[in-house]
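Hi,

Here is the structure for you to look over. My notes follow below it.

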Amino acid sequence: MAVEQTSTISWYLRMFSYLLMICGLFGLAVDGVVIYGALADGAAAATGLPLSALVLGVAAAVANGITIAAGVLGRAASRNPGRAAALRSLALAGVVASVFGLGLCYATGGQLPTSLIFNLLLMAICVVIAGNLGKSVQ
């Protein structure tokens, strides 16, 4: 029974890892546009908008980089369940990066970006899946 449960969790982790990689790559592309817009628009410097946009772009780029790394490690952990602990640690780092980015966006006067909230949700789901895989291996 434990082998069947582990294979099911591994399958879900593999599919979720592909989702993480796709969302992370798309997020990095969008973050590049946000950072470019914050640095290229010199006229809006007086309003303080570029600072919040720059903070949003950098914080989201870091969080999306961790999301891509979690997707790659999740794919590896789906084949080797012994890597579940490393995946869980990386996913927890993604949760911390997303919360930190949300705090920075709030502190600079920007609105709470949906992309970081979505990334926080993805990383929380990854923590749960990695934890379940780790428990099923033991």
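What should the 24 residues of helix 4 span at 1.5 Å a residue, and how far apart are its end C-alpha atoms? Helix 4 should span 34 Å, and its end C-alpha atoms are 35 Å apart, so the two agree. The expected span is 1.5 Å times one less than the number of residues in the helix.

Some ground rules. This is a predicted model, where local features need pLDDT of at least 70, side-chain atom pairs count only at pLDDT 80 or more, and totals for chains, interfaces and linings use all residues. Residues are numbered from 1 along each chain as its sequence is written, and side-chain values use heavy atoms, with hydrogens and water left out.

Overall layout

The protein chain has four helices and zero strands. From the N terminus on, its elements run α-α-α-α. Helices (H or I, at least four residues) and strands (E, at least two) are DSSP runs, numbered from the N terminus. Of the 138 residues, 38% count as buried. Buried means under 20% relative accessible area, exposed means over 50%, and partly exposed is in between (1.4 Å probe, protein chains only). Take contacts between residues at least 6 apart in sequence: 71% of them join residues at least 24 apart. Contact means heavy atoms within 4.5 Å.

The cores

The largest nonpolar core has 17 residues. A nonpolar core is a set of buried Ala, Val, Leu, Ile, Met, Phe, Trp, Tyr and Cys residues joined through side-chain atoms within 4.5 Å. Leu13, Phe16, Leu20, Leu87 and Cys126 have the most contacts inside this largest core. Helix 1, helix 2 (49–79), helix 3 (84–107) and helix 4 (114–137) each supply at least two of its residues. Helix 4 gives the largest share, seven residues. A second, separate core has six residues, including Ala59, Ala60, Ala63 and Cys105.

Look at Leu87. Leaving aside neighbours within four places in sequence, Leu87 is in contact with Leu13, Ala70, Leu73, Gly74, Ala77, Cys126 and Ala130.

Gly109 follows helix 3 and has a positive phi, near 90 degrees.

Ser98 lies in helix 3. Ser98 counts as buried because its relative accessibility is 0%. Not counting residues up to four places away in sequence, Ser98 touches Ala63, Leu116, Asn119 and Leu120.

Ala93 is found in helix 3 too. Ala93 is partly exposed, at 33% relative accessible area. Ala93 and Val127 are 34 residues apart in sequence and 9.9 Å apart in space, C-alpha to C-alpha. Val127 is one of the buried residues of helix 4. Leu116, Asn119 and Cys126 are among the others.

The surface

The accessible surface of the chain comes to about 7,600 Å², and 72% of it belongs to carbon and sulfur atoms. Areas come from the Shrake-Rupley method with a 1.4 Å probe; for residues, only the protein chains shown count as cover.

Trp11, Tyr12, Met15 and Tyr18 make a nonpolar surface patch of about 420 Å². Like charges are joined within 9 Å, nonpolar side chains (Val, Leu, Ile, Met, Phe, Trp, Tyr) within 5 Å. Trp11 is found in helix 1 (residues 2–40). Trp11 is partly exposed, with a relative accessible area of 45%.

Best wishes

Technical notes. Patches are made of residues with over 30% relative accessible area and no salt bridge: like charges are joined within 9 Å, nonpolar side chains (Val, Leu, Ile, Met, Phe, Trp, Tyr) within 5 Å. A salt bridge is a side-chain nitrogen of Lys or Arg within 4 Å of a carboxyl oxygen of Asp or Glu.
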